[in-house]
Amino acid sequence: MQFEGKKGLILGVANDHSIAWAIAKQIMDAGGECGFTHLPDRPDDERQRNRRRVSQLTDKYENAKFLIPMDASKDEDIKSAFDHTAKEFGKIDFMLHSMAFADREDLKGDTVDTSRDGFKLAMDISVYTLLACTAAAKPLMNPGGAIATMTYFGGEKCVPGYNVMGICKAALDATVRYLAYDMGPHGVRVNALSAGPIRTLAGRAAGVEEMLSMYEHMAPMGRNVTHEEVGRTGAFLLSSMSDGISGDILHVDGGYHAMGSPGRLLDQLKK
Ligand SMILES: NC(=O)c1ccc[n+]([C@@H]2O[C@H](COP(=O)([O-])OP(=O)(O)OC[C@H]3O[C@@H](n4cnc5c(N)ncnc54)[C@H](O)[C@@H]3O)[C@@H](O)[C@H]2O)c1
């Protein structure tokens with residue numbers, strides 16, 4: 001049980017398809033205790049849909065210890081989430097950052113047309129929040145602890161349609177390297193998991209549907225990756241099994257990132 005006696009925070013579960021939930025399940029099944037945050041509900045939403053979608057999941061797990069609202073674009077929300085964590089857990093051993101957002105309009109057109117406001121919003125929620133949450137976690141993290149975030153290949157190469165989110169992921173990847181340096185002396189590792197396309201809320205907005213069949217044809221493994229595969233590698237990065245790895249980007253994409261040509265997709269194109 002790799003996570004026996006370990007406690008940590010999971011930021012970014014929206015529903016049962018969320019990558020953060022796939023990772024959290026692996027951690028809890030391996031004995032770890034998790035605290036969760038959810039996107040706050042609008043005050044006029046009597047049904048509290050955001051909270052309910054997550055509590056339906058966490059209620060079934062004894063090792064899901066608390067669920068609190070946090071809008072990561074608000075400093076006061078981050079502070080109260082980490083104050084709550086300190087009260088419940090004292091120290092923590094891991095933190096998963098699995099949050100991103102961009103205005104749909106900025107993912108529809110050309111990257112060149114991204115608005116200043118859309119750029120700032122996407123960068124704030126998808127990148128700055130990793131800095132802010134790591135800073136908030138720093139006094140709580142035990143030496144030997146780990147932080148992981150979720151990235152995508154569109155930050156390394158141009159993936160048409162991923163647009164401003166690709167620019168955010170490039171910045172996120174760089175943030176991981178700088179945070180790994182800052183957190184190293186505290187005994188804390190920082191890494192990113194680069195997942196292939198997965199059907200989730202955020203994934204759909206970023207054009208996952210079109211990517212799935214391309215990956216199936218181009219990836220060396222000849223198929224897409226599953227929630228469980230991404231979940232296991234996320235848990236690995238947050239566990240002591242990866243204790244020599246920091247500042248890295250680990251791809252869970254069936255090998256797609258290693259290709260320099262369309263590979264087997266060429267056969268189809270020839271036809
Ligand atoms: N789905 C994919 O194909 C894929 C591939 C590679 C990387 N990723 C990354 O994985 C991460 C998780 O996305 P997902 O695919 O699980 O989708 P998801 O929609 O389930 O998760 C995105 C999360 O971001 C949260 N979020 C957005 N704005 C927020 C804010 N202001 N404050 C707090 N939380 C906020 C949402 O509530 C949600 O929980 C993202 O960083 C995404 O870019 C996804």
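What follows is a walk through this predicted model, from its overall build to the ligand shell and the annotated residues.

Some ground rules before we start. Residues are numbered from 1 along each chain, as its sequence is written. Because the model is predicted, local features need pLDDT of at least 70 and side-chain atom pairs count only at pLDDT 80 or more, while totals for chains, interfaces and linings use all residues.

Start with the whole thing. The protein has 10 helices and seven strands, where helices (H or I, at least four residues) and strands (E, at least two) are DSSP runs numbered from the N terminus. Along its principal axes, the C-alpha trace spans about 60 × 45 × 35 Å. The radius of gyration is 18 Å, which agrees with the value near 18 Å for a compact globule of 271 residues; that radius is taken over C-alpha atoms, and the globule rule is 2.2 Å times the number of residues to the power 0.38. Of the 271 residues, 42% are buried. Here a residue is buried if 20 or more other C-beta atoms lie within 10 Å of its own, exposed if 12 or fewer, and partly exposed in between, with C-beta atoms placed from the backbone. Take the contacts between residues at least 6 apart in sequence, and 74% of them join residues at least 24 apart; a contact is a pair of residues whose C-beta atoms, placed from the backbone, lie within 7 Å.

Now go inside. Nonpolar side chains tend to be buried together in soluble globular proteins. In this model the largest nonpolar core has 69 residues, and Ile 10, Ala 24, Leu 96 and Ala 195 have the most contacts inside it. Such a core is a set of buried Ala, Val, Leu, Ile, Met, Phe, Trp, Tyr and Cys residues joined through C-beta atoms within 7 Å. Ala 24 touches Ile 10, Val 13 and Cys 34, not counting residues up to four places away in sequence. Ala 24 is also one of the buried residues of helix 1, along with, among others, Ile 19, Trp 21 and Lys 25.

Helix 1 brings us to the ligand. The ligand is surrounded by 28 residues, the closest being Ser 18, Met 150, Thr 200, Ala 202 and Gly 203; a residue counts as near if its C-beta atom, placed from the backbone, lies within 6 Å of the molecule. Helix 1 (19-29), strand 5 (141-151) and helix 7 each give two or more residues to this shell, and helix 7 has the largest share, three residues. By class, the shell holds 19 nonpolar, eight polar and one charged residues, with Ala, Val, Leu, Ile, Met, Phe, Trp, Tyr, Cys and Pro counted as nonpolar, Asp, Glu, Lys and Arg as charged, and the others, Gly among them, as polar.

What does the UniProt record say about binding? Its "binding site" annotation (unreviewed entry) includes Gly 12, Ser 18, Ile 19, Lys 169, Thr 200 and Leu 201. UniProt positions follow the numbering used here, feature names are shortened, and annotations may be inferred rather than shown by experiment. Look at two of these residues side by side. Thr 200 sits in the loop between strand 6 (189-195) and helix 7 (201-205), and counts as buried because it has 22 C-beta neighbours inside 10 Å. Leu 201 is in helix 7 and is exposed, with 12 other C-beta atoms within 10 Å. Leaving aside close sequence neighbours (within four places), Thr 200 touches His 17, Ser 18 and Ile 19, while Leu 201 is in contact with Ala 14, Asn 15 and His 17.

Ala 14 and Asn 15 turn up again with Arg 53, which contacts both. Arg 53 lies in helix 2 (residues 49-58) and is partly exposed, with 17 other C-beta atoms within 10 Å. The C-alpha atoms of Arg 53 and Asn 15 are separated by 5.5 Å, though the two residues are 38 apart along the chain.

Last stop: the "active site" annotation in UniProt (unreviewed entry), which covers Tyr 152 and Tyr 162. Tyr 152 lies in the loop between strand 5 and helix 6 (163-183), and Tyr 162 is found in the loop between strand 5 and helix 6 too. Tyr 152 is buried, with 27 other C-beta atoms within 10 Å, and Tyr 162 is buried with 22. Beyond four places in sequence, Tyr 152 is in contact with Tyr 162, Lys 169, Ser 194 and Ala 195. Tyr 162, in turn, touches Tyr 152, Gly 154, Ala 206 and Gly 207.

Note on methods. Two residues are in contact if their C-beta atoms, placed from the backbone, lie within 7 Å.
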